[in-house]
Amino acid sequence: MIDSSIMYQVYPLSFKDSNGDGHGDILGIIEKLDYLKDLGVDAIWLSPVFKSPMKDFGYDISDYYAIDPLFGTMEDFEKLIKEAHDRNIKVLLDYVANHTSSEHPWFQESKKSPDNTKRNWYVWRNGKGPGIPPNNWISAFGGSSWEYDPATDEWYLHDFLKEQPDLNWRNPEVKKAMIDIFTFYLDKGVDGYRMDAMAFLFEDETYPDDPKNAHYNSQKEIPWYTLKRKYDFNQPEVLPLLHELTEVASRFGNKLLISEIYDSLETLGKLYFRKNDTTHIPFNFDLMTLEWNADVFKNYLESYLKVVGDNIPNFVLSNHDQPRVATRVGQEKARLLAFLQLTLPGIAVIYYGDEIGMKNIPLPADQIKDPLGKLVDRRFGRDSERSPMQWNTASFAGFSSTQPWLPVEADYKQRNVDIFLKKEDSILQLYKNLISLRKSGPALLHGNLSSIEVQSHTVLSFQRKTDVETLSIKLNFSNQPQKIILDRAYKILFSSHAREKGISTTNLELYPYEGILLK
Ligand code: NOJ
(Lines give C-alpha, C1' and ligand atoms only; values in the text may rest on other atoms or scores of the structure.)
Protein backbone atom coordinates (compact mmCIF):
# COMPACT_ATOMS: atom_id res chain seq x y z
CA MET A 1 0.00 0.00 0.00
CA ILE A 2 1.53 3.32 -0.90
CA ASP A 3 1.12 6.15 1.53
CA SER A 4 -1.05 8.22 -0.78
CA SER A 5 -3.47 5.49 -1.83
CA ILE A 6 -7.02 6.14 -2.87
CA MET A 7 -9.16 3.80 -0.80
CA TYR A 8 -12.77 3.33 -1.84
CA GLN A 9 -15.41 1.96 0.50
CA VAL A 10 -17.82 -0.39 -1.22
CA TYR A 11 -21.03 -1.01 0.71
CA PRO A 12 -21.71 -4.30 -1.06
CA LEU A 13 -25.50 -4.35 -0.56
CA SER A 14 -25.82 -1.12 -2.51
CA PHE A 15 -23.04 -1.11 -5.10
CA LYS A 16 -24.16 -3.32 -7.99
CA ASP A 17 -26.68 -6.13 -8.20
CA SER A 18 -25.61 -8.73 -10.77
CA ASN A 19 -28.41 -11.29 -10.32
CA GLY A 20 -31.52 -9.13 -10.12
CA ASP A 21 -32.50 -9.79 -6.50
CA GLY A 22 -32.38 -6.13 -5.52
CA HIS A 23 -29.22 -6.55 -3.42
CA GLY A 24 -25.70 -5.72 -4.49
CA ASP A 25 -23.30 -8.65 -4.69
CA ILE A 26 -19.70 -9.67 -5.33
CA LEU A 27 -20.12 -10.33 -9.06
CA GLY A 28 -21.60 -6.84 -9.26
CA ILE A 29 -18.45 -5.41 -7.68
CA ILE A 30 -16.34 -7.32 -10.21
CA GLU A 31 -18.42 -5.81 -13.06
CA LYS A 32 -17.46 -2.36 -11.80
CA LEU A 33 -13.75 -2.86 -11.18
CA ASP A 34 -12.88 -1.19 -14.48
CA TYR A 35 -14.84 1.87 -13.39
CA LEU A 36 -12.90 1.94 -10.11
CA LYS A 37 -9.62 1.48 -11.94
CA ASP A 38 -10.46 4.33 -14.28
CA LEU A 39 -11.34 6.53 -11.29
CA GLY A 40 -7.86 5.84 -9.90
CA VAL A 41 -8.77 3.64 -6.94
CA ASP A 42 -5.83 1.75 -5.38
CA ALA A 43 -7.74 -0.25 -2.78
CA ILE A 44 -11.33 -1.13 -1.97
CA TRP A 45 -12.62 -1.98 1.47
CA LEU A 46 -15.78 -4.00 1.64
CA SER A 47 -18.31 -3.82 4.44
CA PRO A 48 -18.96 -7.41 5.60
CA VAL A 49 -19.92 -10.04 3.02
CA PHE A 50 -20.01 -13.03 5.40
CA LYS A 51 -22.96 -15.21 6.30
CA SER A 52 -25.34 -13.13 8.35
CA PRO A 53 -28.99 -12.88 9.40
CA MET A 54 -28.59 -9.19 8.35
CA LYS A 55 -30.03 -7.72 11.53
CA ASP A 56 -27.24 -5.14 11.24
CA PHE A 57 -26.72 -5.67 7.52
CA GLY A 58 -23.71 -7.93 7.75
CA TYR A 59 -22.19 -6.63 10.99
CA ASP A 60 -23.84 -9.63 12.69
CA ILE A 61 -21.89 -12.62 11.40
CA SER A 62 -23.10 -16.19 11.87
CA ASP A 63 -20.27 -17.83 9.89
CA TYR A 64 -17.00 -16.01 9.27
CA TYR A 65 -15.83 -18.73 6.90
CA ALA A 66 -18.74 -18.43 4.47
CA ILE A 67 -19.91 -15.72 2.10
CA ASP A 68 -23.58 -14.85 2.55
CA PRO A 69 -25.63 -16.17 -0.41
CA LEU A 70 -27.00 -12.65 -0.87
CA PHE A 71 -23.47 -11.64 -1.93
CA GLY A 72 -22.49 -14.84 -3.77
CA THR A 73 -20.08 -17.64 -3.03
CA MET A 74 -16.51 -18.14 -1.82
CA GLU A 75 -15.55 -18.74 -5.48
CA ASP A 76 -17.00 -15.32 -6.36
CA PHE A 77 -14.97 -13.81 -3.57
CA GLU A 78 -11.76 -15.49 -4.71
CA LYS A 79 -12.50 -14.26 -8.21
CA LEU A 80 -12.91 -10.73 -6.86
CA ILE A 81 -9.48 -10.84 -5.25
CA LYS A 82 -7.93 -12.09 -8.47
CA GLU A 83 -9.74 -9.62 -10.74
CA ALA A 84 -8.95 -6.72 -8.42
CA HIS A 85 -5.29 -7.71 -8.14
CA ASP A 86 -5.08 -8.07 -11.92
CA ARG A 87 -5.99 -4.39 -12.04
CA ASN A 88 -3.58 -3.46 -9.25
CA ILE A 89 -6.43 -2.82 -6.83
CA LYS A 90 -6.01 -4.09 -3.28
CA VAL A 91 -8.87 -5.61 -1.33
CA LEU A 92 -9.51 -5.04 2.36
CA LEU A 93 -12.19 -6.90 4.28
CA ASP A 94 -14.14 -5.86 7.35
CA TYR A 95 -12.95 -7.64 10.49
CA VAL A 96 -15.90 -7.74 12.90
CA ALA A 97 -14.24 -8.84 16.12
CA ASN A 98 -16.32 -7.40 18.94
CA HIS A 99 -19.41 -9.54 18.45
CA THR A 100 -20.91 -12.35 16.43
CA SER A 101 -24.51 -12.87 15.44
CA SER A 102 -26.65 -14.55 18.10
CA GLU A 103 -27.15 -17.22 15.42
CA HIS A 104 -23.45 -18.07 15.39
CA PRO A 105 -22.97 -21.70 16.57
CA TRP A 106 -20.62 -20.44 19.32
CA PHE A 107 -23.42 -18.40 20.87
CA GLN A 108 -25.99 -21.12 20.31
CA GLU A 109 -23.76 -23.34 22.44
CA SER A 110 -22.88 -20.61 24.92
CA LYS A 111 -26.47 -19.90 25.85
CA LYS A 112 -27.29 -23.56 26.52
CA SER A 113 -26.09 -23.61 30.12
CA PRO A 114 -23.62 -21.94 32.52
CA ASP A 115 -21.32 -24.96 32.32
CA ASN A 116 -21.29 -25.22 28.53
CA THR A 117 -17.75 -25.23 27.12
CA LYS A 118 -18.58 -22.13 25.08
CA ARG A 119 -20.23 -20.24 27.98
CA ASN A 120 -17.10 -18.22 28.60
CA TRP A 121 -16.78 -17.29 24.91
CA TYR A 122 -19.24 -14.47 25.56
CA VAL A 123 -19.67 -12.11 28.52
CA TRP A 124 -22.22 -13.50 30.97
CA ARG A 125 -22.91 -11.90 34.36
CA ASN A 126 -25.41 -12.08 37.19
CA GLY A 127 -27.91 -9.26 37.47
CA LYS A 128 -28.07 -6.96 40.49
CA GLY A 129 -31.45 -8.41 41.45
CA PRO A 130 -34.61 -9.63 39.73
CA GLY A 131 -34.91 -7.78 36.41
CA ILE A 132 -31.91 -5.54 37.21
CA PRO A 133 -28.96 -5.75 34.78
CA PRO A 134 -25.35 -6.06 36.04
CA ASN A 135 -24.71 -2.32 35.55
CA ASN A 136 -25.93 0.86 33.83
CA TRP A 137 -24.25 0.41 30.44
CA ILE A 138 -26.42 1.18 27.45
CA SER A 139 -26.00 -0.23 23.99
CA ALA A 140 -25.24 1.80 20.86
CA PHE A 141 -28.59 0.64 19.50
CA GLY A 142 -30.62 1.68 22.56
CA GLY A 143 -31.60 0.13 25.90
CA SER A 144 -29.38 -1.78 28.31
CA SER A 145 -26.18 -3.40 26.99
CA TRP A 146 -27.32 -6.52 28.86
CA GLU A 147 -29.92 -9.04 27.78
CA TYR A 148 -31.54 -11.32 30.32
CA ASP A 149 -31.62 -15.03 29.60
CA PRO A 150 -34.51 -16.54 31.63
CA ALA A 151 -33.33 -20.12 30.99
CA THR A 152 -30.08 -19.62 32.93
CA ASP A 153 -30.98 -16.50 34.97
CA GLU A 154 -27.90 -14.65 33.70
CA TRP A 155 -27.34 -11.63 31.46
CA TYR A 156 -25.11 -11.40 28.40
CA LEU A 157 -23.37 -8.29 27.11
CA HIS A 158 -24.16 -6.73 23.74
CA ASP A 159 -22.63 -3.35 22.88
CA PHE A 160 -24.89 -3.24 19.82
CA LEU A 161 -28.08 -5.28 19.13
CA LYS A 162 -29.11 -8.09 21.44
CA GLU A 163 -28.65 -10.22 18.33
CA GLN A 164 -24.95 -9.19 18.40
CA PRO A 165 -23.58 -10.72 21.63
CA ASP A 166 -20.11 -9.51 22.64
CA LEU A 167 -17.27 -11.99 22.38
CA ASN A 168 -15.09 -12.43 25.45
CA TRP A 169 -11.63 -11.51 24.17
CA ARG A 170 -10.10 -12.29 27.56
CA ASN A 171 -10.71 -15.96 26.82
CA PRO A 172 -7.61 -17.32 24.99
CA GLU A 173 -9.81 -19.73 23.01
CA VAL A 174 -11.83 -16.83 21.61
CA LYS A 175 -8.69 -14.93 20.76
CA LYS A 176 -7.27 -17.93 18.96
CA ALA A 177 -10.49 -18.59 17.03
CA MET A 178 -10.71 -14.94 15.98
CA ILE A 179 -7.06 -14.79 14.93
CA ASP A 180 -7.64 -17.94 12.86
CA ILE A 181 -10.38 -16.06 10.99
CA PHE A 182 -8.05 -13.08 10.58
CA THR A 183 -5.32 -15.22 9.03
CA PHE A 184 -7.74 -17.27 6.91
CA TYR A 185 -8.47 -14.33 4.60
CA LEU A 186 -4.91 -12.96 4.69
CA ASP A 187 -3.93 -16.39 3.48
CA LYS A 188 -6.45 -16.05 0.65
CA GLY A 189 -4.62 -12.92 -0.43
CA VAL A 190 -6.60 -10.04 1.04
CA ASP A 191 -4.47 -6.95 1.58
CA GLY A 192 -5.65 -6.08 5.05
CA TYR A 193 -8.67 -5.22 7.13
CA ARG A 194 -10.86 -2.38 8.12
CA MET A 195 -11.30 -3.31 11.76
CA ASP A 196 -14.78 -2.80 13.14
CA ALA A 197 -15.59 -1.27 16.53
CA MET A 198 -12.15 -2.00 18.00
CA ALA A 199 -12.67 0.30 20.99
CA PHE A 200 -15.48 -1.96 22.20
CA LEU A 201 -13.46 -5.18 22.50
CA PHE A 202 -12.74 -5.12 26.23
CA GLU A 203 -14.61 -4.06 29.34
CA ASP A 204 -13.33 -3.40 32.83
CA GLU A 205 -13.35 -6.79 34.51
CA THR A 206 -15.15 -5.49 37.59
CA TYR A 207 -18.04 -4.18 35.46
CA PRO A 208 -18.65 -0.87 37.28
CA ASP A 209 -21.35 1.64 36.32
CA ASP A 210 -20.16 4.25 33.82
CA PRO A 211 -20.39 7.86 35.09
CA LYS A 212 -23.03 10.19 33.61
CA ASN A 213 -21.96 12.54 30.82
CA ALA A 214 -23.00 16.06 31.79
CA HIS A 215 -22.31 17.33 28.25
CA TYR A 216 -24.65 14.94 26.45
CA ASN A 217 -26.38 16.64 23.50
CA SER A 218 -29.60 14.79 22.68
CA GLN A 219 -30.02 16.72 19.42
CA LYS A 220 -26.75 15.50 17.99
CA GLU A 221 -25.84 12.35 19.88
CA ILE A 222 -27.34 8.90 20.29
CA PRO A 223 -28.27 7.97 23.90
CA TRP A 224 -25.07 5.86 24.16
CA TYR A 225 -23.36 9.19 24.91
CA THR A 226 -25.48 9.86 28.02
CA LEU A 227 -22.66 8.00 29.82
CA LYS A 228 -18.95 8.65 29.81
CA ARG A 229 -17.73 5.30 28.55
CA LYS A 230 -15.02 4.95 31.14
CA TYR A 231 -15.26 1.21 31.72
CA ASP A 232 -16.51 -0.28 28.46
CA PHE A 233 -14.67 1.66 25.75
CA ASN A 234 -11.02 1.89 24.70
CA GLN A 235 -9.74 -0.13 27.64
CA PRO A 236 -5.96 -0.58 28.07
CA GLU A 237 -6.10 -4.07 26.52
CA VAL A 238 -6.99 -2.70 23.06
CA LEU A 239 -3.56 -1.29 22.22
CA PRO A 240 -1.52 -4.47 22.87
CA LEU A 241 -4.07 -6.48 20.91
CA LEU A 242 -3.75 -4.13 17.93
CA HIS A 243 0.02 -4.56 18.11
CA GLU A 244 -0.42 -8.30 18.16
CA LEU A 245 -2.80 -8.30 15.17
CA THR A 246 -0.34 -6.08 13.29
CA GLU A 247 2.41 -8.55 14.05
CA VAL A 248 0.26 -11.44 12.82
CA ALA A 249 -0.66 -9.56 9.62
CA SER A 250 2.99 -8.68 9.00
CA ARG A 251 3.79 -12.37 8.55
CA PHE A 252 1.76 -12.19 5.35
CA GLY A 253 3.74 -9.34 3.80
CA ASN A 254 2.69 -5.81 3.04
CA LYS A 255 -0.72 -5.38 4.73
CA LEU A 256 -2.80 -2.47 5.97
CA LEU A 257 -4.97 -2.51 9.08
CA ILE A 258 -7.23 0.46 9.60
CA SER A 259 -9.23 0.54 12.79
CA GLU A 260 -12.60 2.11 13.37
CA ILE A 261 -12.08 3.98 16.62
CA TYR A 262 -13.80 7.29 17.33
CA ASP A 263 -11.73 9.05 20.00
CA SER A 264 -9.60 12.10 20.80
CA LEU A 265 -6.51 12.92 18.74
CA GLU A 266 -4.40 12.18 21.78
CA THR A 267 -5.74 8.64 22.11
CA LEU A 268 -5.66 8.01 18.38
CA GLY A 269 -2.06 9.22 18.29
CA LYS A 270 -0.96 6.03 20.02
CA LEU A 271 -2.55 3.84 17.37
CA TYR A 272 -0.17 4.47 14.49
CA PHE A 273 2.48 1.82 14.16
CA ARG A 274 4.29 -0.41 11.73
CA LYS A 275 5.71 -3.89 11.84
CA ASN A 276 7.94 -4.69 8.89
CA ASP A 277 5.87 -3.79 5.82
CA THR A 278 2.57 -3.83 7.67
CA THR A 279 0.94 -0.68 8.96
CA HIS A 280 -1.77 -0.09 11.49
CA ILE A 281 -3.59 3.25 11.52
CA PRO A 282 -6.85 4.48 13.03
CA PHE A 283 -9.42 6.06 10.71
CA ASN A 284 -9.48 9.83 10.85
CA PHE A 285 -13.15 10.84 10.87
CA ASP A 286 -12.63 14.44 11.96
CA LEU A 287 -13.27 16.12 8.61
CA MET A 288 -16.86 14.85 8.92
CA THR A 289 -17.58 17.03 11.94
CA LEU A 290 -15.20 19.98 11.76
CA GLU A 291 -16.85 23.42 11.86
CA TRP A 292 -16.88 25.06 8.41
CA ASN A 293 -14.21 27.64 9.07
CA ALA A 294 -10.81 27.96 7.38
CA ASP A 295 -9.07 28.81 10.67
CA VAL A 296 -10.55 25.76 12.37
CA PHE A 297 -9.36 23.56 9.50
CA LYS A 298 -5.87 25.05 9.66
CA ASN A 299 -5.55 24.45 13.41
CA TYR A 300 -6.96 20.98 13.03
CA LEU A 301 -4.60 19.96 10.21
CA GLU A 302 -1.62 21.20 12.21
CA SER A 303 -2.61 19.20 15.31
CA TYR A 304 -3.54 16.07 13.38
CA LEU A 305 -0.36 15.98 11.29
CA LYS A 306 1.71 16.52 14.41
CA VAL A 307 0.06 13.54 16.05
CA VAL A 308 0.57 11.36 12.97
CA GLY A 309 4.26 12.28 12.69
CA ASP A 310 6.06 10.04 10.20
CA ASN A 311 3.12 7.66 9.93
CA ILE A 312 0.43 7.65 7.27
CA PRO A 313 -2.35 10.21 7.66
CA ASN A 314 -5.82 9.47 6.32
CA PHE A 315 -8.91 11.51 5.64
CA VAL A 316 -12.51 10.28 5.49
CA LEU A 317 -15.40 12.42 4.22
CA SER A 318 -18.29 9.94 4.70
CA ASN A 319 -19.05 6.32 5.45
CA HIS A 320 -22.01 3.99 5.86
CA ASP A 321 -22.62 5.23 9.42
CA GLN A 322 -22.65 8.98 8.83
CA PRO A 323 -24.72 11.33 6.66
CA ARG A 324 -23.18 11.77 3.22
CA VAL A 325 -20.84 14.69 2.72
CA ALA A 326 -23.05 16.33 0.05
CA THR A 327 -25.98 16.27 2.49
CA ARG A 328 -23.95 17.53 5.42
CA VAL A 329 -22.39 20.51 3.67
CA GLY A 330 -24.04 20.82 0.22
CA GLN A 331 -22.59 20.22 -3.24
CA GLU A 332 -20.28 23.22 -3.49
CA LYS A 333 -18.58 22.59 -0.18
CA ALA A 334 -18.45 18.86 -0.93
CA ARG A 335 -16.38 19.69 -4.01
CA LEU A 336 -14.06 21.85 -1.95
CA LEU A 337 -13.66 19.09 0.64
CA ALA A 338 -12.81 16.62 -2.12
CA PHE A 339 -10.20 19.11 -3.37
CA LEU A 340 -8.76 19.30 0.12
CA GLN A 341 -8.84 15.54 0.72
CA LEU A 342 -7.19 14.73 -2.60
CA THR A 343 -4.41 17.28 -2.25
CA LEU A 344 -3.55 16.39 1.35
CA PRO A 345 -0.96 13.70 2.04
CA GLY A 346 -1.96 10.22 3.16
CA ILE A 347 -4.75 7.82 2.32
CA ALA A 348 -7.91 9.41 0.93
CA VAL A 349 -10.95 7.28 1.81
CA ILE A 350 -13.88 7.72 -0.57
CA TYR A 351 -17.34 6.38 0.28
CA TYR A 352 -19.06 4.92 -2.78
CA GLY A 353 -21.22 7.49 -4.54
CA ASP A 354 -19.55 10.54 -2.98
CA GLU A 355 -17.62 10.88 -6.22
CA ILE A 356 -20.93 11.72 -7.94
CA GLY A 357 -22.20 13.83 -5.05
CA MET A 358 -24.87 11.33 -3.97
CA LYS A 359 -27.04 12.61 -1.13
CA ASN A 360 -28.93 11.04 1.74
CA ILE A 361 -32.32 9.84 0.54
CA PRO A 362 -35.50 10.78 2.40
CA LEU A 363 -37.13 7.64 3.79
CA PRO A 364 -40.71 7.24 5.05
CA ALA A 365 -40.97 5.76 8.56
CA ASP A 366 -42.40 2.46 7.31
CA GLN A 367 -39.37 1.87 5.09
CA ILE A 368 -36.71 2.26 7.77
CA LYS A 369 -34.53 -0.83 7.98
CA ASP A 370 -31.51 0.19 10.04
CA PRO A 371 -31.73 -0.80 13.74
CA LEU A 372 -30.45 2.62 14.81
CA GLY A 373 -33.30 4.32 12.95
CA LYS A 374 -35.85 1.76 14.12
CA LEU A 375 -34.90 1.29 17.76
CA VAL A 376 -33.27 4.56 18.77
CA ASP A 377 -34.53 7.48 16.70
CA ARG A 378 -35.17 7.81 12.98
CA ARG A 379 -33.03 10.96 12.98
CA PHE A 380 -30.01 8.73 13.53
CA GLY A 381 -31.01 6.04 11.01
CA ARG A 382 -28.28 5.15 8.51
CA ASP A 383 -30.38 3.82 5.60
CA SER A 384 -30.37 7.23 3.92
CA GLU A 385 -26.64 7.11 3.20
CA ARG A 386 -26.80 3.53 1.95
CA SER A 387 -29.03 3.98 -1.11
CA PRO A 388 -28.12 2.18 -4.36
CA MET A 389 -25.23 3.47 -6.43
CA GLN A 390 -26.42 5.59 -9.36
CA TRP A 391 -24.80 4.19 -12.47
CA ASN A 392 -27.00 5.43 -15.32
CA THR A 393 -30.47 6.57 -16.36
CA ALA A 394 -31.92 3.04 -16.70
CA SER A 395 -34.56 1.98 -14.21
CA PHE A 396 -33.26 1.70 -10.64
CA ALA A 397 -30.27 3.78 -11.76
CA GLY A 398 -28.70 0.73 -13.43
CA PHE A 399 -28.04 -0.71 -9.97
CA SER A 400 -30.48 -3.59 -10.39
CA SER A 401 -33.12 -4.89 -12.78
CA THR A 402 -35.62 -5.00 -9.94
CA GLN A 403 -36.79 -2.88 -6.99
CA PRO A 404 -33.68 -2.51 -4.79
CA TRP A 405 -33.61 -3.19 -1.05
CA LEU A 406 -33.50 0.57 -0.43
CA PRO A 407 -34.99 3.20 -2.75
CA VAL A 408 -32.84 4.91 -5.37
CA GLU A 409 -32.34 8.66 -4.96
CA ALA A 410 -35.00 10.60 -6.90
CA ASP A 411 -32.51 12.66 -8.96
CA TYR A 412 -30.62 9.67 -10.37
CA LYS A 413 -31.55 10.57 -13.97
CA GLN A 414 -29.49 13.75 -13.65
CA ARG A 415 -26.89 12.47 -11.19
CA ASN A 416 -25.22 9.27 -12.26
CA VAL A 417 -21.86 7.89 -13.37
CA ASP A 418 -22.71 7.70 -17.09
CA ILE A 419 -23.80 11.31 -17.35
CA PHE A 420 -21.06 12.67 -15.10
CA LEU A 421 -18.34 10.88 -17.07
CA LYS A 422 -19.40 12.95 -20.07
CA LYS A 423 -19.82 16.22 -18.19
CA GLU A 424 -16.63 18.23 -17.93
CA ASP A 425 -17.63 20.23 -14.86
CA SER A 426 -19.14 17.30 -12.91
CA ILE A 427 -17.93 16.37 -9.45
CA LEU A 428 -16.87 13.00 -10.88
CA GLN A 429 -14.49 14.74 -13.29
CA LEU A 430 -13.17 16.77 -10.38
CA TYR A 431 -12.38 13.55 -8.52
CA LYS A 432 -10.85 11.93 -11.59
CA ASN A 433 -8.69 14.93 -12.45
CA LEU A 434 -7.45 15.43 -8.92
CA ILE A 435 -6.68 11.73 -8.48
CA SER A 436 -4.77 11.66 -11.74
CA LEU A 437 -2.80 14.81 -10.80
CA ARG A 438 -2.10 13.25 -7.42
CA LYS A 439 -0.63 10.19 -9.08
CA SER A 440 1.34 12.04 -11.72
CA GLY A 441 3.56 14.40 -9.75
CA PRO A 442 6.03 13.84 -6.97
CA ALA A 443 4.71 16.65 -4.76
CA LEU A 444 1.12 15.42 -4.43
CA LEU A 445 2.24 11.82 -4.29
CA HIS A 446 4.71 12.08 -1.44
CA GLY A 447 5.65 15.72 -0.89
CA ASN A 448 5.82 17.21 2.59
CA LEU A 449 2.99 19.39 3.70
CA SER A 450 4.09 22.80 4.88
CA SER A 451 3.09 26.44 5.25
CA ILE A 452 -0.50 25.93 6.30
CA GLU A 453 -1.96 29.42 6.30
CA VAL A 454 -5.28 31.23 6.25
CA GLN A 455 -5.93 34.52 4.54
CA SER A 456 -8.78 36.80 5.67
CA HIS A 457 -10.24 33.91 7.67
CA THR A 458 -11.52 32.44 4.42
CA VAL A 459 -8.75 31.09 2.18
CA LEU A 460 -6.92 28.03 3.48
CA SER A 461 -3.62 27.38 1.76
CA PHE A 462 -0.76 24.94 2.09
CA GLN A 463 2.18 23.64 0.11
CA ARG A 464 3.20 20.17 -0.97
CA LYS A 465 6.91 19.97 -1.58
CA THR A 466 9.67 17.64 -2.69
CA ASP A 467 13.25 18.49 -3.73
CA VAL A 468 12.11 18.87 -7.31
CA GLU A 469 8.58 20.23 -7.11
CA THR A 470 6.60 22.69 -4.98
CA LEU A 471 2.85 23.02 -5.35
CA SER A 472 0.60 25.47 -3.64
CA ILE A 473 -3.04 24.68 -2.87
CA LYS A 474 -5.59 27.38 -2.10
CA LEU A 475 -9.15 26.74 -0.98
CA ASN A 476 -11.78 29.43 -0.68
CA PHE A 477 -14.06 28.48 2.21
CA SER A 478 -16.41 31.41 1.66
CA ASN A 479 -19.42 32.00 -0.58
CA GLN A 480 -17.83 35.23 -1.84
CA PRO A 481 -15.04 35.76 -4.37
CA GLN A 482 -11.68 36.27 -2.64
CA LYS A 483 -8.76 38.25 -4.02
CA ILE A 484 -5.35 36.84 -3.23
CA ILE A 485 -1.87 38.23 -3.86
CA LEU A 486 0.82 35.59 -4.42
CA ASP A 487 4.42 35.92 -3.23
CA ARG A 488 5.72 35.27 -6.77
CA ALA A 489 4.41 34.23 -10.16
CA TYR A 490 2.67 30.85 -10.11
CA LYS A 491 1.34 28.73 -12.93
CA ILE A 492 -2.29 27.63 -12.61
CA LEU A 493 -2.24 23.85 -12.85
CA PHE A 494 -5.82 23.02 -12.02
CA SER A 495 -8.97 24.52 -10.58
CA SER A 496 -12.28 23.17 -9.34
CA HIS A 497 -13.93 25.86 -11.47
CA ALA A 498 -13.81 26.77 -15.14
CA ARG A 499 -10.71 28.88 -15.47
CA GLU A 500 -7.84 29.17 -17.92
CA LYS A 501 -5.06 26.77 -17.01
CA GLY A 502 -1.34 26.92 -17.75
CA ILE A 503 -1.05 30.68 -17.40
CA SER A 504 1.23 32.40 -14.91
CA THR A 505 -0.05 34.96 -12.46
CA THR A 506 0.92 36.87 -9.32
CA ASN A 507 -2.62 37.54 -8.18
CA LEU A 508 -5.96 35.82 -8.41
CA GLU A 509 -9.59 36.24 -7.62
CA LEU A 510 -10.91 32.93 -6.36
CA TYR A 511 -14.53 32.01 -7.05
CA PRO A 512 -16.74 31.15 -4.08
CA TYR A 513 -15.70 27.67 -2.83
CA GLU A 514 -12.99 27.38 -5.45
CA GLY A 515 -10.00 25.12 -4.94
CA ILE A 516 -6.91 25.82 -7.00
CA LEU A 517 -3.59 24.09 -7.54
CA LEU A 518 -0.61 26.31 -8.39
CA LYS A 519 2.94 25.53 -9.37
C1 NOJ B 1 -19.48 -0.18 13.25
C2 NOJ B 1 -20.03 -0.34 11.88
O3 NOJ B 1 -19.46 0.61 11.03
C4 NOJ B 1 -21.53 -0.18 12.00
O5 NOJ B 1 -22.15 -0.12 10.75
C6 NOJ B 1 -22.06 -1.33 12.82
O7 NOJ B 1 -23.44 -1.16 13.03
C8 NOJ B 1 -21.35 -1.42 14.16
N9 NOJ B 1 -19.93 -1.27 14.04
C10 NOJ B 1 -21.60 -2.73 14.82
O11 NOJ B 1 -20.84 -3.73 14.20
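Q: Which residue ranges make up domain 1?
A: The model is predicted. The domain assignment gives three domains, with domain 2 at 105-157 and domain 3 at 448-518. Domain 1 is written as two segments: 6-97 + 172-431.

Q: How many residues does each side give to the contact between domain 1 and domain 2?
A: The C-alpha centres of these two domains lie 30 Å apart. Their contact draws on both sides: 27 residues from domain 1 and 19 residues from domain 2.

Q: What area is buried between domain 1 and domain 2?
A: Carbon and sulfur atoms give 64% of this area. On the domain 1 side, Val174, Tyr207 and Asp209 lose the most, together 30% of what that side buries. The total between the two domains is about 1,700 Å².

Q: Which residues form a salt bridge between lysine and aspartate side chains at 3.6 Å?
A: The rule finds one salt bridge across the interface of domain 1 and domain 2. Asp209 is among the residues of domain 1 that lose the most area to domain 2. The 3.6 Å N to O pair joins the side chains of lysine 128 and aspartate 209.

Q: Which helix gives the largest share of the side of domain 1 that touches domain 2?
A: The count between the two domains is seven residue pairs in polar contact. Two elements give two or more residues to the domain 1 side: helix H11 (371-376) and helix H5 (172-187). The largest share, five residues, comes from H5.

Q: How many charged residues are on the side of domain 1 that touches domain 2?
A: That side has 15 nonpolar residues and two polar ones. The charged residues number ten.

Q: Which aspartate has a polar side-chain atom 2.4 Å from an oxygen atom of the ligand?
A: The residues around the ligand include Asp56, Arg194, Asp196 and Asp321. A polar side-chain atom of aspartate 56 lies 2.6 Å from a ligand oxygen. For arginine 194 the distance to a ligand oxygen is 2.9 Å. The 2.4 Å value belongs to aspartate 321.

Q: Why are aspartate 180 and lysine 176 separated by about one helical turn?
A: The model has 36 salt bridges by the rule used. One of them joins aspartate 180 and lysine 176, with the closest N and O atoms 2.8 Å apart. They are about one helical turn apart because they sit four residues apart in helix H5.

Notes: Residues are numbered from 1 along each chain as its sequence is written. This is a predicted model: local features need pLDDT of at least 70, side-chain atom pairs count only at pLDDT 80 or more; totals for chains, interfaces and linings use all residues. Side-chain values use heavy atoms; hydrogens and water are left out. Domain bounds come from an automatic or database domain assignment. Contact means heavy atoms within 4.5 Å. Buried area is the accessible area (1.4 Å probe) that two parts lose on being put together, summed over both. A salt bridge is a side-chain nitrogen of Lys or Arg within 4 Å of a carboxyl oxygen of Asp or Glu. A polar contact is a pair of N or O atoms within 3.5 Å; within protein, one must be able to donate a hydrogen and the other to accept it, and residues adjacent in sequence count only if both atoms are side-chain atoms. Ala, Val, Leu, Ile, Met, Phe, Trp, Tyr, Cys and Pro count as nonpolar, Asp, Glu, Lys and Arg as charged, and the others, Gly among them, as polar. A residue is near a molecule or strand if one of its heavy atoms lies within 4 Å of it.
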